[in-house]
Amino acid sequence: MSHKSGFVALIGRPNVGKSTLMNHVVGRKVAIMSDKPQTTRNRIRGIFTDERGQIVFLDTPGIHKPKSKLGEHLVQTARAALEEVDLILLLVDAEEGMGPGDRFIIEHLKQVETPVFLVVNKIDRVHPDALLPLIDSYRRLYSFKEVVPISALQGNNTGTLVDLIFRELPEGPAYYPADQVTDSPEQFIVAELIREKVLFLTREEIPHSVAVVVEEMIPRQDRETVYIRATIYAERPSQKGILIGKRGAMLKEVGRLAREEIERLLGNKVYLDLWVKVKKDWRNEEAYLRRFGYGD
Ligand code: GDP
Ligand code: MG
Ligand code: K
């Protein structure tokens, strides 16, 4: 049997039911980090794996009318992120009907190549007769690949939604173990945060070429704490000494500052396990470059 896999972005106004859908679809297999707003490009909401394949649901930064330069930048980022996924689910609220927020998002989708499903949620709240006119009004604005009415809360039609998603996804490998979050963009940002603290605390003593690799990022059983193991790669043994500091004082301080910021980023408590290793000439080794996120 074929194995399918891919990335599916979940977008829609606040309160349309994105989290509820995730919890329902992914159920106990879910690996959810946090629901706090953030600015990373893509983050995992949940991973669904069965014998057909694997669906990685992603959260993208909110698409809303920008009020500032930063807002504009975030909208650009959101659009770029949407180009990178295999499928977009636009969730809308059947009870509330179409609002300016929905229209704004749809205008953006027109500039993105990725196919889009319209997922009309909360159908348990409306009379079936009201559904068709609502769907029509959306269809007039955009040519959706599929339109799927569901109730995320009651689980109505969510199985059909998953079937349709699998139909849309390409053949591919499982990207993640179902019970583990290894969100590489997120890992990259965490690595950059650690690197920033190293450079800040060591001043000129450590060159900018210092590399940080996040080896592991695993939510603990309680789902409150995330365990992160990261390695700082120095180029020379003398740098390793500086990075560790007197009785480990430097490494401890790097860890403390980085942990505080990572906790803010993830909205979770973090256990940060930091290591320092010497890796000579890592910059010349292609495999390393890939790992450090500088490859193609
Ligand atoms: P999000 O902001 O898009 O993640 O929305 P949430 O998943 O947090 O849901 C917002 C509210 O809508 C919560 O109170 C949910 O219980 C409720 N909700 C979500 N899906 C449904 C649904 O299918 N039917 C009903 N009646 N309520 C729903
Ligand atoms: Mg939510
Ligand atoms: K599109």
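Residue E95 is found in the loop that runs between strand β4 (87-93) and helix α3 (100-109). Helices (H or I, at least four residues) and strands (E, at least two) are DSSP runs, numbered from the N terminus. The model is predicted, so that local features need pLDDT of at least 70 and side-chain atom pairs count only at pLDDT 80 or more, while totals for chains, interfaces and linings use all residues. Residues are numbered from 1 along each chain as its sequence is written, and chains are lettered from A and ligands numbered from 1 in the order in which they are written.

E95 counts as exposed because it has 12 C-beta neighbours inside 10 Å. A residue is buried if 20 or more other C-beta atoms lie within 10 Å of its own, exposed if 12 or fewer, and partly exposed in between, with C-beta atoms placed from the backbone. Not counting residues up to four places away in sequence, E95 touches K122, R125 and V126; two residues are in contact if their C-beta atoms, placed from the backbone, lie within 7 Å. The C-alpha atoms of E95 and V16 are separated by 9.6 Å, although the two residues stand 79 residues apart along the chain.

K122, one of the residues touched by E95, lies in the loop between β5 (116-121) and α4 (128-141). K122 is buried, because 22 other C-beta atoms lie within 10 Å. Its phi is positive, about 70°, although K122 is not a glycine. Most residues other than glycine have a negative phi. N157 also has a positive phi of about 70° and is not a glycine. This residue is placed in the loop between β6 (146-149) and α5 (158-168), and N157 is partly exposed, because 18 other C-beta atoms lie within 10 Å.

The wider chain can now be considered. The protein chain has nine helices and nine strands, and 34% of its 296 residues count as buried. Of the contacts in the protein chain with a separation of 6 or more, 69% join residues 24 or more positions apart.

The largest nonpolar core has 41 residues, and those with the most contacts inside it are V8, A9, I88, L90 and V119. β4 gives the most to this core, with six residues. Apart from this core lies another, of 28 residues, among them V190, A191, V212 and V226. A nonpolar core is a set of buried Ala, Val, Leu, Ile, Met, Phe, Trp, Tyr and Cys residues joined through C-beta atoms within 7 Å. Leaving aside neighbours within four places in sequence, V119 is in contact with L89, L90, L91, V148, I150 and L161.

Around ligand 1 there are 15 residues, of which G17, K18, S19, T20 and L153 come nearest; a residue is near a molecule or strand if its C-beta atom, placed from the backbone, lies within 6 Å of it. Helix α1 (residues 18-26) supplies the largest share of this shell, three residues.

Helix α8 (residues 249-266) has 18 residues and reaches 25 Å from its first C-alpha to its last, close to the 26 Å expected at 1.5 Å a residue; the expected span is 1.5 Å times one less than the number of residues. The buried residues of α8 are M250, V254, A258, I262, L265 and L266. They lie on the same side of α8 because they cover an arc of only 100° around the axis, the arc being that of the directions from the helix axis to the C-beta atoms. On the other side of α8, A249 and R256 are exposed. G267, with a positive phi near 70°, follows α8.
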